[in-house]
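I opened my notebook to see what this structure has to show. Come along and look with me.

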Amino acid sequence: MLNKIADFIRRQQLLTTDSLHVVALSGGADSVALLHVLLRLGYRVEAAHCNFRLRGEESDRDEEFVRSLCERLSVPLHLIHFDTRSYADLHQVSIEMAARQLRYYYFEQLRHDIDATEVCVAHHQDDAVETLLINLVRGTGIHGLTGIRPRNGHIVRPLLCVSRADILQFLTAIRQDYVTDSSNLVPDVVRNKLRLKVFPLLRQINPAASANIAKTAQRMAEVERVYNQSVETALTACFHDGAIATADILCYPSPELLLHELLSPCGFNPAQVEQIFAHLDAPSGRMFQSSTHDVVIDRGRLVVELHQEPLPVLHIPEPGIYRYTHDCQFRFRLSDTVEISKSPNRATLDAGMVHFPLTVRPVQTADRFQPYGMTGSRLVSDYLTDRKFTVFQKRSQLVVTDADGVILWLVGQRIDHRFAVSSDTRQIMIITSNNESRN
């Protein structure tokens, strides 16, 4: 077994002999075996034990066992006690999740404190098979069929190549005892039900069931690599500037799958992705929302953006410089030099026609204005649609209005013709915006 684990560590590039590593040591068979294996393979390790104070005397028994084992093996031991129930109540998570979060937060902190490179945990082949079956029962995609990964950041799992039976046989051979967590013997949570009820039935059907499922998970991990490369290539080719053409999605061998890979990182669940896929041919403006992002159908494209906080309304009582947002300010000044600006960030208006107080605000649904050079008024929304603005660009568009609420300037786009400089103009109002990102 030592040779098998050594080869697995080498192939997966999990550990190096010249670095310090933390071993998560509960006192159970798996973690005790992991400690012995790494010591026998010549790795430099220190142990870490968490007492979650959940099992009374049994928790204290585990701590004392670990302390005694590390003293005998001359392994430095780091101990910590947690009030797990209070943490679970405070953060409104299950006891199991609370213990997991506390454990891994501590391991990462300890890794930094003692300058270790990895934290070694004792998940083995049977654990990986259990995880695969749990994912399968709950419903999963290709990523959930690969079991447990050998490495997750600085967390490594050197025992994934061996079974629970291999571990017990190893401990018997070296005459090493261990403690048993009684909570693992009760078929209450899903993992325990699988371990205590389902796996015995699977082994009756085929004694090699666990090993065969583990091999399938390994093959799925290889398939996942090919899959990830294919999806990445497709998204790189057709997803640009937050948008992807629906035609490109539909050309992919599995368009709904590609859509899932595009949108799931943005918080969209499978049901939402299915709904979006069913409405790819919807009229422009159809929007879908996750907890973090918006997706809108816009002229044959899907446009994806982060949720945007509502833009403020800024009242301008007199000429001056005013900050609208942290990255946007407006300047209002009068000038006796009559000129017409051609800059999109500057509007020159007939000052005699402008009546304070002015307002800077985002576009509203029924807004109308008379674009410069035109005789009739238009809905601002229609004007922006003609200029191929997306829904997201429209909701970011600003206007400046006068005391009567009449639009003077569609910021960065066009002034209202009624306030334009003419031959009768004697003084002009110059409005300057530095907000190029909204133009």
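**Entry 1: a pocket**

I found that helix 9 gives the most to the lining of the second largest pocket, with 9 residues. Helices here are DSSP runs (H or I, at least four residues), numbered from the N terminus, as are strands (E, at least two). A note on the source: this is a predicted model, where local features need pLDDT of at least 70 and side-chain atom pairs count only at pLDDT 80 or more, while totals for chains, interfaces and linings use all residues. Residues are numbered from 1 along each chain as its sequence is written, and side-chain values use heavy atoms, with hydrogens and water left out.

I looked up what a pocket is: on a 1 Å grid over the protein atoms alone, it is an open set of points where a 1.4 Å probe fits, with protein on both sides within 12 Å along at least five of seven lines, and lining residues have an atom within 4 Å of a point. The second largest pocket holds about 670 Å³ of space, counted as the space filled by probe spheres set on the points. Its lining has 22 residues, and Phe-8, Gln-12, Pro-150, Gln-218 and Ala-221 lie nearest the centre. Helix 1, helix 6 (125–138) and helix 9 (209–238) are the elements that give two or more residues to this lining.

**Entry 2: helix 7**

Which residues of helix 7 are buried? I noted Ile-167, Phe-170 and Leu-171 in this helix, residues 164–173. They cover an arc of only 95° around the axis, which puts them on the same side of helix 7; the arc is that of the directions from the helix axis to the C-beta atoms. Buried means under 20% relative accessible area, exposed over 50%, and partly exposed in between (1.4 Å probe, protein chains only). The face turned away from the buried side carries the exposed residues Ala-165, Gln-169, Thr-172 and Ala-173. I also saw that the buried residues of helix 7 pack against helix 1 (2–12) and helix 2 (29–40), where contact means heavy atoms within 4.5 Å.

**Entry 3: aromatic rings**

My search of the whole structure finds 8 aromatic pairs. Tyr-104 and Phe-107 form an edge-to-face pair, 5.9 Å centre to centre with 90° between the planes. Rings of Phe, Tyr and Trp (its six-membered ring) pair if their centres lie within 6.5 Å; planes under 30 degrees apart count as stacked, over 60 as edge-to-face and the rest as tilted. Both Tyr-104 and Phe-107 are buried. Ring pairs link Phe-52, Phe-82, Tyr-104, Tyr-106 and Phe-107 into a cluster.
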